[in-house]
Amino acid sequence: MKDWFMAWPEELKEDIITELLSLYEPSNSKKAQVGHSDFKENTKIRSSQVIGIDILNPNHNKISKILDPYVLLANREFFGFELNRISEFQIAKYSEGDFFTEHMDMYLSNPSTRKISITVQLSDPADYVGGDFKFTKDLEFADGAQEIVRKKGTIIAFPSFLYHQITPITEGVRYSLVGWYEGSNWR
């Protein structure tokens, strides 16, 4: 692995962002859940509304066509992980008071196959206060990542074992798209 994350600031154009945001249908959203085998709401860990887009959802392919090239490039140039499939995508809506505490996108207690996480910023940073994506655990390499990820249309790919969080929203609404790319079990 050559680096800890790869980012493309303001990469996606407005028409693609609009198309992705159109997939978020409030009537189909649900409260975000946490867990790895028995998913449940836990508002002490995560508070937001999400739309899940699993591999059987027709919109999954649309998103994959947009994001796969970025993940494959990041993996080839930086990570070098063995990848073999896409897990799922989620579009999240963070409103005032919403957050996601420090977490990893894989689980050490269960052999997870999530290898690369990807986040796409769908909101203009002027539309909300707080709601910052941050790598945690005082990782020196992460300096500056928060400002990069805040820019609308930015894509960031990183190993799923890195701790990260979304700080509480204090004003406005933030939308993001997240996804996970899998491979054989870690060895």
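Visitor: What is the order of the strands in the open sheet of seven?
Guide: Strands here are DSSP runs of E with at least two residues, and helices are runs of H or I with at least four, both numbered from the N terminus. Two strands pair if DSSP finds at least two bridges between them. The open sheet has antiparallel pairing, and its order is S1-S10-S7-S13-S5-S4-S2.

Visitor: Which strands are the edge strands?
Guide: An edge strand in this sheet pairs on one side only. S2 pairs with strand S4 (residues 49–54) in the antiparallel sense over two bridges, and Lys-30 stands opposite Val-50 in S4. The edge strands are S1 (6–8) and S2 (30–31).

Visitor: What pLDDT do local features need in this model?
Guide: Residues are numbered from 1 along each chain as its sequence is written, and side-chain values use heavy atoms, with hydrogens and water left out. The model is predicted: totals for chains, interfaces and linings use all residues, side-chain atom pairs count only at pLDDT 80 or more, and local features need pLDDT of at least 70.

Visitor: How many helices and strands does the protein have, and what share of its residues is buried?
Guide: There are three helices and 13 strands. Buried means under 20% relative accessible area, exposed means over 50%, and partly exposed lies in between, with a 1.4 Å probe and protein chains only. Of the 187 residues, the share that counts as buried is 47%.

Visitor: At what angle does helix H2 run to S5?
Guide: H2 (residues 58–79) lies across S1, S4, S5 (85–94), S7 (114–121), S10 and S13. Axes are lines fitted to C-alpha atoms, for helices over the stretch in contact, and angles run from 0 to 180 degrees between N-to-C directions. The angle of H2 to S5 is about 110 degrees.

Visitor: Where does H2 bend?
Guide: The bend at a residue is the angle between axes fitted to the seven residues ending there and the seven starting there. In H2 that angle reaches about 45 degrees, with a proline, Pro-69, following within four residues. The bend is at Leu-67.

Visitor: Which residue follows H2 with a positive phi?
Guide: At the start of H2, a side-chain oxygen of Asn-57 reaches to within 2.8 Å of the backbone nitrogen of Asn-59. Buried residues in H2 include Ile-63, Ile-66, Leu-67, Tyr-70 and Ala-74. An α-helix has 3.6 residues a turn, so residues three or four places apart point the same way. After the helix, phi is near 70 degrees at Gly-80.

Visitor: How far apart in sequence are the parts that Lys-152 and Glu-14 tie together?
Guide: The two form a salt bridge, with the closest N and O atoms 3.0 Å apart; the cut-off is a side-chain nitrogen of Lys or Arg within 4 Å of a carboxyl oxygen of Asp or Glu. Lys-152 lies in the loop between helix H3 (145–149) and strand S10 (155–159) and Glu-14 in helix H1 (residues 14–21), so the separation of the parts they tie together is 138 residues.

Visitor: Are Arg-150 and Asp-132 buried or exposed?
Guide: Arg-150 and Asp-132 form a salt bridge, their closest N and O atoms being 2.7 Å apart. This pair links the loop between H3 and S10 with the loop between strand S8 (128–130) and strand S9 (133–135), 18 residues apart. Relative accessibility is 15% for Arg-150 and 15% for Asp-132, so each of the two counts as buried.

Visitor: Which side chains make polar contacts with the side chain of Glu-182?
Guide: Glu-182, in strand S13 (residues 174–182), is buried at a relative accessible area of 12%. Its contacts (heavy atoms within 4.5 Å) beyond four places in sequence include Leu-83, Arg-85 and Lys-115. A polar contact is a pair of N or O atoms within 3.5 Å; within protein, one must be able to donate a hydrogen and the other to accept it, and residues adjacent in sequence count only if both atoms are side-chain atoms. At 3.2 Å the partner is Ser-87, and at 3.5 Å the partner is Thr-113.
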